[in-house]
Amino acid sequence: MASVTSLTASVHQRLATALSAALPETGSADPLLRRSDRADFQANGILALAKKAKANPRDLATQVVERITTGELIKDIEVSGPGFLNITVTDRAITENLAARHADAERLGVPFAEHPATTVIDYAQPNVAKEMHVGHLRSAVIGDAVVQILEFTGESVVRRHHIGDWGTQFGMLIQYLLEHPHELDHKTSDDLQASGEEAMSNLNRLYKAARVLFDSDEEFKTRARRRVVDLQAGDPETLAMWQKFVDESKIYFYSVFDKLDMEIRDPDVVGESGYNDMLDETCRLLEESGVAVRSEGALCVFFDDIKGPDGNPVPLIVRKSDGGYGYAATDLSAVRDRVHNLKASTLLYVVDARQSLHFRMVFETARKAGWLNDDVKAIQLAFGTVLGKDGKPFKTREGETVRLVDLLDEAIDRATTVVREKAEKVGLTEQEIEENGRYVGIGAVKYADLSTSAVRDYKFDLDQMVSLNGDTSVYLQYAYARIQSILRKAGEARPVAHPELELVAAERELGLHLDRFAETIAEAAEEYAPHKLAAYLYQLASLLTSFYDKCQVLSDDNPTELVENRLLLVDLTARTLHRGMALLGIRTPERL
């Protein structure tokens, strides 16, 4: 189905045409239209245009008003203040707009982007043989939401999970596994969560045992260091053991992402090791082009504007003096692969803000080398830290990093308690209580993250997250479930538009906000800002609550036409909540 022209776009076009007619010498003119609490819309662009044309702004505004025909779209337009325009649209226009969006069941009238391209998103990057902790949460949740939003607009998205699967620690682990070959054996289990927990338990036990031996046995330490050389040289037996660690870790990773209700596809997991064959060439290209130079035996890139506290330049070390490659070589090789092989026009890195300097240097190096240019850009979507209630980085009582699985399990337990308290009233089965507990708990964690601007730190407070009041996912999920309850009780009545009906203020407010869904999606995609979609959905649920307070949907006193029109309004609200929450990676249970 064709996309629906928003009321904002329609009014904007009328005003722009009238402005161009009043000031033909300006060509196309932007009326700077926005929503207003004084009318449906306010146009502020006349002040700047009048100043440029050396005209009186109120006189110019009056000329524009004279050129606007009121009727099916615009009900009223008036000059306000020094030259603002206050515009009210007709009830008919609102209802017809809602009907068109309702008829488009799949996209709700949201258009595809005009110029879709290819974006590679690097997010959700855990480390092999290590447990995922609270610090891994934000990259996964923010990255997944941005993927969903961009794909919905028609962008071609390539997902990349740059897992940490290479390094000197593998010498110790592989050597230990060769000497204790049954440490990673599994009991038979088809359950992903059970397999994941067992995999992590095996890896943890092996890592601790290997570390103890490495620190206490000099002969083992020597053998482990030799094993690093074998790994980097591509020794088949060593690589086979290394692959065991990667496979075992993936079982664990996938169990955690499954709990997070996120899809991670194996072909999208391309770790540090995936670029090993490119490292030497990357260094050669940088050195031959003069971008990188040798300094004290290392291959480095220097920058005029990046200096240390002592005033000396801080280099990006691409290859160390001992011949080993640093993270920079891997990241620059990944840039080359994503630009030349994946044909990306945008590289988006969802990475902790504390790595901003590293990525600034990597991107600048790639630009100097010609791998990034006006046609291909790289952006770090930097995110802040997860804090505890005390405002300090989130830790356990013992001061240790919080395991991500423990955090998610606690969220699900808390949410299940909340769901169970209301279960009898709704008539939920035990299976529905447990399922909804998962949806509410995981939704609460995701929404708390996504409702905050990515770059800001946020406090992890489960009591607030699972609250039925305030800006929480539970509030939005209950809003959706409440509408589903109304639709079930409606019996034979169906959502049908009746443009001939007058709308009360609460209906108008809800209808005008629904009209902004497409505009919000476009803005969230353009700015990689899921928090803007979260804010839109919270306001939508709040307007729905105000609507319920003032308007009865199902009432024997309401004429059939009014019932049908209000059913259309709440049904479209439910669909918008459902679609918007899905783009944030959050489920909306039918009964709650």
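The charged end of R107 sits over the ring of F152, 4.1 Å from the ring's centre. "Over a ring" has a set meaning: NZ of Lys or CZ of Arg is within 6 Å of the ring centre and within 35 degrees of the ring normal. R35 does it too, with its charged end 5.9 Å from the centre of the F41 ring.

What you're looking at is a predicted model, where local features need pLDDT of at least 70 and side-chain atom pairs count only at pLDDT 80 or more, while totals for chains, interfaces and linings use all residues. Residues are numbered from 1 along each chain as its sequence is written, and side-chain values use heavy atoms, with hydrogens and water left out.

**The whole chain**

- The chain has 20 helices and 13 strands; helices (H or I, at least four residues) and strands (E, at least two) are DSSP runs, numbered from the N terminus.
- Along its principal axes, the C-alpha trace spans about 90 × 65 × 45 Å.
- There are 592 residues in the chain, and 52% of them count as buried, meaning under 20% relative accessible area with a 1.4 Å probe and protein chains only (exposed is over 50%, partly exposed in between).

**Aromatic rings**

- The structure holds 11 aromatic pairs. Rings of Phe, Tyr and Trp (its six-membered ring) pair if their centres lie within 6.5 Å; planes under 30 degrees apart are stacked, over 60 edge-to-face, and the rest tilted.
- Take F359 and F363: their ring centres are 5.8 Å apart and their planes meet at 50°, so this pair is tilted.
- Both sit in helix α12 (residues 356-368), four residues apart, so about one helical turn separates F359 from F363.
- F359 is buried at 5% relative accessibility, and F363 is buried at 7%.

- Strand β7 (residues 293-295) pairs with β8 in the antiparallel sense over three bridges; two strands pair if DSSP finds at least two bridges between them.
- β7 and β8 make a hairpin with two residues between them, and E296 in that turn has a positive phi of about 55°.
- On the β8 side, A298 is the bridge partner of S295.
- β8 also runs antiparallel to strand β9 (residues 316-319), joined by three bridges, and V301 stands opposite L316 there.
- In β8 (residues 298-301), A298 and C300 point one way, L299 and V301 point the other way, and all are buried.

**Pockets and cavities**

- On a 1 Å grid over the protein atoms alone, a cavity is a set of points where a 1.4 Å probe fits but cannot get out; a pocket is an open set with protein on both sides within 12 Å along at least five of seven lines, and lining residues have an atom within 4 Å of a point.
- The second largest pocket holds about 940 Å³ of space; volume here is the space filled by probe spheres set on grid points, which are joined across faces, edges and corners.
- Its lining has 32 residues, with A113, E114, A522, A525 and E526 nearest the centre.
- α18 gives the most to the lining of that second largest pocket, with seven residues.
- A search of the whole structure finds four cavities of 30 Å³ or more, and the largest cavity has about 50 Å³ of space.
- T95, L98, L503, E507, N565, L568 and L569 line the largest cavity, and α20 gives the most, with three residues.
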